[in-house]
Amino acid sequence: MLSACRAFVKIVAPKGIVLMNVQRPLVYLSSLEKNLGVDKTNQQVANKIKNYLATAGFEFTSDKNKAELALDVNSNSEKGAVSGSIFITYATSVIRVSSVKDDKEIYATTLDRVKGFSLDYERSSQDAYNKLLENLDSQTLPEMLNAILQ
């Protein structure tokens with residue numbers, strides 16, 4: 001009879017531990033948002049941009065000297081024509097991103113005269129801002145993030 005002989009070999013693979021300290025980019029955000037020329041209490045455009053960048057791994061600071069990037073948002077809506085009982089309003093937003101160190105502009109865009117409609121100017125202005133925010137989500141923010149990361 002043949003006896004089965006089994007040999008077990010234990011192999012110890014080398015391993016190493018690497019500690020990484022990853023620092024997220026710091027952004028200073030300044031924003032001026034108006035609704036029909038009056039300062040808005042709810043900064044919709046700035047909040048949308050801030051949420052998008054935070055999800056992408058950026059952090060925000062209130063001290064511009066500590067920041068790597070400066071983000072400036074300037075938005076306003078203006079009254080347009082009245083057609084029957086429909087009030088037309090236009091929202092415009094200017095977004096600029098620059099390097100704090102050398103003040104070099106990295107990205108700039110204008111969402112110009114996005115049209116909103118409703119039964120009064122207040123609601124029409126909000127409709128224009130909502131359409132502007134949709135445009136930010138679908139096109140402008142991915143474009144801006146791509147420009148920042150290059």
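Okay, so first off, what you have on screen is a predicted model. The chain has two helices and six strands, and if you read along the sequence you get β-β-α-β-β-β-β-α.

Now the overall dimensions. The radius of gyration is 26 Å, whereas a compact globule of 150 residues would come in near 15 Å. Along the principal axes, the C-alpha trace spans about 105 × 45 × 25 Å. Of the 150 residues, 32% count as buried.

On to the core. The largest nonpolar core has 23 residues, and the members touching the most others are Val 45, Ile 49, Leu 53, Leu 71, Leu 136 and Met 144. At least two core residues come from each of α1, β4, β5, β6 and α2, and α2 gives the largest share, nine residues. Let me pick out Leu 71: leaving aside residues up to four places away in sequence, its contacts include Ile 49, Leu 53, Ile 95, Val 97 and Met 144.

Last stop, Thr 92, which sits in strand β5. Is Thr 92 buried or exposed? Well, its relative accessible area is 18%, and the cut-off for buried is under 20%, so Thr 92 counts as buried. Its side chain makes a polar contact of 3.5 Å with the side chain of Asp 112, and also reaches the backbone nitrogen of Arg 113 at 3.1 Å. Beyond four places in sequence, Thr 92 also touches, among others, Asn 74, Ser 75 and Leu 132.

Technical notes
Residues numbered from 1 in each chain as written. Predicted model: local features only at pLDDT ≥ 70, side-chain atom pairs only at ≥ 80, totals over all residues. Heavy atoms only, no water. Core = buried A, V, L, I, M, F, W, Y, C linked by side-chain atoms within 4.5 Å. Buried < 20%, exposed > 50% of the residue type's maximum accessible area, 1.4 Å probe, protein only. Helix = DSSP H or I, 4+ residues; strand = E, 2+ residues; numbered from the N terminus. Contact = heavy atoms within 4.5 Å. Polar contact = N/O pair within 3.5 Å; in protein donor to acceptor, adjacent residues only side chain to side chain. Rg over C-alpha atoms; globule rule 2.2 N^0.38 Å.
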